[in-house]
Amino acid sequence: MPRFLHRFTTPLATAPISHITSFLILHELTAIVPLVSLFSAFHYFNYLPPYISEGAWVKEGVEKFGGYFRRKGWLGDDGSRRDVSYRYGEGATRVLVEVGAAWAVTKALLPLRLILSVWATPWFARWFVLPLTGRIGRLFGRGKKAAAPPVKSDAAGTGATAAGAVTKGTQR
């Protein structure tokens with residue numbers, strides 16, 4: 001871990017559940033947002049950079065998502081079935097390549113995604129994870145119990161409350 005990230009990773013020792021949860025959520029968000037955004041950009045601008053779309057990671061992404069597309073029936077066995085849900089009449093094969101290219105770019109951004117996730121973990125834990133877990137805990141009755149109201153006593157300034165304190169009227 002780079003030295004400049006140590007101040008962000010040390011809170012894991014004192015608040016492991018909230019920080020680990022925060023890191024995992026951020027890590028997934030930094031994968032899903034670029035994947036969907038890049039796919040949308042590739043699809044709607046009808047552009048795939050050639051140096052990206054011909055790489056090994058794109059082939060890996062096409063293989064990964066190709067099986068899913070086939071199970072859903074979006075691709076025929078020959079991979080050339082045309083999907084009528086797209087306004088330009090594009091085949092599902094082009095969409096598959098766009099998803100594969102978006103996945104490859106997202107995978108290449110992994111070091112940046114990790115740094116961003118580690119950097120934002122304390123803030124995200126404080127402002128999202130802890131309040132959310134508090135609300136969920138209160139919803140299921142696991143929130144902090146209210147302190148019992150103090151018992152009134154005439155034992156002024158002694159800190160004694162009930163349990164053996166002698167009131168003024170009973171002194172001998």
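Read from the N terminus on, its elements run α-α-α-α-α-α.

The chain has 172 residues, of which 29% count as buried.

Confidence comes next. The mean pLDDT of the protein chain is 76, and 70% of its residues reach 70 or more. Helix α2 has the highest confidence, with a mean of 92, while helix α3 (residues 50–53) has the lowest, with a mean of 72. Over residues 78–90 the pLDDT is below 50, although this stretch has 20 contacts in the model beyond near neighbours in sequence. Where pLDDT is low, the predicted coordinates should not be read in detail.

Helix α2 covers residues 16–44, which is 29 residues. From its first C-alpha to its last it reaches 42 Å, close to the 42 Å expected at 1.5 Å a residue. Several of its residues are buried, including S18, S22, L26, T30, P34 and F42. H19, H27, A31, F39 and H43 of α2 are buried as well. An α-helix has 3.6 residues a turn, so residues three or four places apart point the same way. The buried residues of α2 pack against α5 (92–108) and α6. After α2 comes N46, whose phi is positive, near 50 degrees.

Helix α6 spans residues 110–139 and contains R113. What does R113 touch, leaving aside its neighbours within four places in sequence? R113 is in contact with H27, T30, A31 and T106. Of these, H27, T30 and A31 are among the buried residues of α2. R113 is itself buried, yet has no salt bridge. The nearest side chain of opposite charge is that of E28, 5.9 Å away, whereas a salt bridge requires a side-chain nitrogen of Lys or Arg within 4 Å of a carboxyl oxygen of Asp or Glu.

The last topic is the aromatic rings. A search of the whole structure finds two aromatic pairs. In one of them, W123 and F124 have ring centres 6.4 Å apart and planes at 40 degrees, so the pair is tilted. F124 counts as buried because its relative accessibility is 9%, under the 20% limit. Together with F128, the residues W123 and F124 form one aromatic cluster.

Key. Residues are numbered from 1 along each chain as its sequence is written. This is a predicted model: local features need pLDDT of at least 70, side-chain atom pairs count only at pLDDT 80 or more; totals for chains, interfaces and linings use all residues. Side-chain values use heavy atoms; hydrogens and water are left out. Helices (H or I, at least four residues) and strands (E, at least two) are DSSP runs, numbered from the N terminus. Buried means under 20% relative accessible area, exposed over 50%, partly exposed in between (1.4 Å probe, protein chains only). Lys and Arg count as positive and Asp and Glu as negative; His and the chain ends are not counted. Contact means heavy atoms within 4.5 Å. The expected span of a helix is 1.5 Å times one less than its number of residues. Rings of Phe, Tyr and Trp (its six-membered ring) pair if their centres lie within 6.5 Å; planes under 30 degrees apart count as stacked, over 60 as edge-to-face and the rest as tilted. pLDDT is the predictor's confidence in each residue, from 0 to 100.
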